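Dear colleague,

I am handing over the structure we talked about, and below it you will find an account of what turned up when I went through it. Please keep the structure open while you read, so that you can look up each place as it is named.

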Amino acid sequence: MPALVNYGGDDEFYSTGSFRTNPIDLGRFYSIGSHVDIYSPPCKRARTSSPFLYGIFEPEQNKQPSIDVLPDECLFEIFRRIPGGKERSACACVSKRWLMLLSSIRRAEICKSKITVAERETTVPVSDDVEMVSCAENGETGNNGYLTRSLEGKKATDMRLAAISVGTSGHGGLGKLVIRGSNSVRGVTNLGLSAIARGCPSLRALSLWDVPSVGDEGLFEVAKECHSLEKLDLCNCPSISNKGLIAIAENCPNLIALNIESCPKIGNEGLQAIGKFCPKLQSISIKDCPLVGDHGVSSLLSSSTSVLTKVKLQSLNITDFSLAVIGHYGKAVTNLVLSNLHHVSEKGFWVMGNAQGLQKLLSLTISSCRGITDVSLEAIAKGCTNLKQMCLRKCCFVSDSGLVYFVKAAGSLESLQLEECNRVTQSGIVGAVSNCGKKLKALSLVKCMGIRDLASGMLGSSPCSSLRSLSIRNCPGFGSASLALVGKLCPQLQHVDLSGLCAITDSGLLPLLESCEAGLVKVNLSGCMSLTDKVVSALARLHGGTLEFLNLDGCRKITDASLMSIAENCLFLSDLDLSKCAVTDSGIAVLSSTDQLNLQVLSLSGCSEVSNKSFPFLKKLGRTLVGLNLQNCSSISSSTIELLVESLWRCDILS
């Protein structure tokens with residue numbers, strides 16, 4: 001066989017006799033057919049260009065020896081004896097047939113051979129179909145010491161997965177694979193995933209999003225070959241069922257993180273297998289899986305070996321029973337997210353809190369759950385004594401009394417966020433701030449429509465000396481009176497975000513600026529259209545020594561006078577947003593005239609009064625700028641933009 005593969009028809013001369021020592025082997029070179037009648041051993045190759053014709057003989061030059069005539073079984077045996085990843089990658093580039101055959105070889109089936117030091121140090125070329133990527137997952141870095149590949153959209157095909165399987169074998173194997181979407185014509189199927197499983201048994205993290213053609217057969221291969229799998233992410237995989245998940249559970253005992261979203265065929269049976277066979281599971285996230293119920297969720301937590309620390313349940317058909325199990329058995333849970341659980345009542349949350357099992361819970365997020373009320377919120381505060389972060393979204397039955405009681409009882413609370421909790425009023429906010437104790441550091445209100453601006457003072461309210469961050473965004477009823485009242489209760493604020501509060505004026509913000517003793521560092525006033533230069537001047541004068549970030553986007557009454565105050569007082573300001581403000585070339589000139597200002601990011605988007613005359617001033621500011629936004633500046637020409645791009649080569653300019 002090697003003689004056949006390596007035979008190339010060279011120009012050597014043979015003295016006499018056959019070039020095969022054993023005449024029996026000659027049969028391997030000739031097919032038994034009507035076109036071959038005799039055999040004449042070559043004694044000497046003819047020196048003429050014309051062929052020898054013996055009656056029925058065909059021209060021998062037309063028969064080129066080719067390895068492609070071999071069946072797949074023979075090629076398989078040849079390929080698995082190829083010594084290194086470099087050679088296998090080279091073979092994979094010959095044809096699609098060779099690529100798919102190489103990708104069908106399991107790592108264990110490759111014949112091992114001794115590799116020299118020089119070969120080991122040789123860089124292994126990978127097919128053009130394979131690209132190195134640096135990939136991050138929902139806040140987690142992909143740099144875990146193993147190779148990562150990511151395919152998105154039309155690049156996600158079986159052929160490319162096969163190339164990855166073969167190409168990465170010389171690098172020690174693939175550690176993480178991310179597939180986002182699939183080619184509409186030649187999408188990823190079980191064949192491609194099986195190639196990855198066979199060629200990359202060291203796979204530790206697998207993420208499949210929007211791959212409808214991948215089913216249980218693909219997961220069977222992953223479970224069979226990739227026993228080191230630690231993270232599995234399945235999103236919108238309608239062909240994967242409990243069978244595939246059970247196979248993963250039974251063969252991948254090192255699984256520590258599982259995310260399942262919009263997989264309509266996965267239900268309780270698959271989750272029960274995960275709870276039984278994956279004792280190291282630390283993180284579970286399940287969303288929009290209609291077959292998942294109480295039995296599946298409870299089996300994950302009620303196991304005696306459960307070490308779950310992160311639990312996220314969204315849009316599931318679970319009831320109070322599941323929350324009772326979480327409250328009783330979730331002794332290791334530190335992060336809990338419950339969202340869109342329409343079959344869970346007040347009783348479920350009450351039992352979860354009173355079960356006293358969530359002693360290690362640090363972060364709790366509850367969204368769109370009608371069962372969360374003042375009563376259940378009080379129970380959670382009592383049962384979760386170490387809770388530090390609390391987020392309530394669209395909890396329409398939480399009122400002022402429940403909020404104030406929760407803040408009082410949750411003695412370890414550091415961060416509180418309320419979003420679209422429309423029964424909470426000004427009284428509840430003031431009560432929460434004045435009763436939060438000494439640990440609350442951040443308070444955030446988003447789209448709370450129940451807040452109304454009342455001028456009545458809150459006698460006897462004590463200030464909150466621990467609060468460092470106050471964010472009140474898009475609450476239209478929150479006006480100057482409410483802001484002045486809350487501002488007086490927060491003397492140690494450093495971060496203030498009032499974006500979208502159209503109703504506040506100078507009279508409401510000035511008391512807050514005057515009462516802040518620690519010095520403001522970040523201030524976001526975007527969309528506060530009624531504020532004037534008076535506020536910015538006071539901000540620069542009182543907090544210029546600490547201010548680093550200022551956003552005045554949409555404050556149309558802010559003029560060059562504010563820029564003069566900023567230039568004189570804000571020594572450490574690095575990020576300034578003046579989008580859609582009434583500033584002119586004169587204001588930009590003032591900013592550039594001071595040497596103490598070291599702006600890194602400047603936004604002038606929509607400033608129609610800034611023209612080409614600002615070119616020298618922007619060029620001077622560009623000595624420290626890394627970002628400049630000049631979008632929708634109608635008075636600045638494209639030629640001026642081009643000059644700025646040439647001059648400020650270190651700065652990223654948006655135009």
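Is Arg 393 buried, partly exposed or exposed? Before the answer, please bear in mind that this is a predicted model. Arg 393 is partly exposed, since its relative accessible area is 29%.

Salt bridges

The structure holds 4 salt bridges, and I describe three of them here. In one of them, the side chain of Arg 393 meets that of Glu 419, with 3.1 Å from N to O. Because Glu 419 lies in strand β11 (residues 415-419) and Arg 393 in strand β10 (residues 389-393), this pair ties together parts that are 26 residues apart in sequence. Glu 419, at 18% relative accessibility, counts as buried, because buried means under 20%.

Another salt bridge joins the side chains of Glu 261 and Lys 287, at 3.9 Å from N to O. Here too distant parts of the chain are linked, with Glu 261 in strand β5 (residues 257-261) and Lys 287 in strand β6 (residues 283-287), 26 residues apart. Glu 261 counts as partly exposed at 22% relative accessibility, and Lys 287 is partly exposed with a relative accessible area of 29%.

The side chains of Asp 553 and Lys 580 also meet in a salt bridge, at 3.0 Å from N to O. Asp 553 sits in the loop between β16 (549-551) and α20 (560-569), while Lys 580 sits in the loop between β17 (575-577) and α21 (585-593), and the two are 27 residues apart. Asp 553 is partly exposed at 22%, and Lys 580 is partly exposed at 34%.

A charged patch

On the surface, Lys 388, Lys 439, Lys 441 and Arg 468 gather in a patch of positive charge. Lys 441, which is placed in the loop between α16 (426-434) and β12 (442-446), is partly exposed, with a relative accessible area of 45%.

Cysteines and a covered helix

The count of disulfides comes to 0. Cys 237 is in no disulfide, because the nearest cysteine sulfur, that of Cys 263, is 4.9 Å away, whereas a disulfide needs the two sulfur atoms within 2.5 Å. Cys 237 is buried, with a relative accessible area of 0%, and Cys 384 is buried as well, at 2%.

Finally, helix α6 (residues 158-167) is mostly covered, with 9 of its 10 residues buried; among them are Asp 158, Arg 160, Leu 161 and Gly 167.

With best wishes

Notes. Residues are numbered from 1 along each chain as its sequence is written. This is a predicted model: local features need pLDDT of at least 70, side-chain atom pairs count only at pLDDT 80 or more; totals for chains, interfaces and linings use all residues. Side-chain values use heavy atoms; hydrogens and water are left out. Patches are made of residues with over 30% relative accessible area and no salt bridge: like charges are joined within 9 Å, nonpolar side chains (Val, Leu, Ile, Met, Phe, Trp, Tyr) within 5 Å. Accessible areas come from the Shrake-Rupley method with a 1.4 Å probe; for residues, only the protein chains shown count as cover. Lys and Arg count as positive and Asp and Glu as negative; His and the chain ends are not counted. The place of a charge is taken as NZ of Lys, CZ of Arg, CG of Asp or CD of Glu. Helices (H or I, at least four residues) and strands (E, at least two) are DSSP runs, numbered from the N terminus. Buried means under 20% relative accessible area, exposed over 50%, partly exposed in between (1.4 Å probe, protein chains only).
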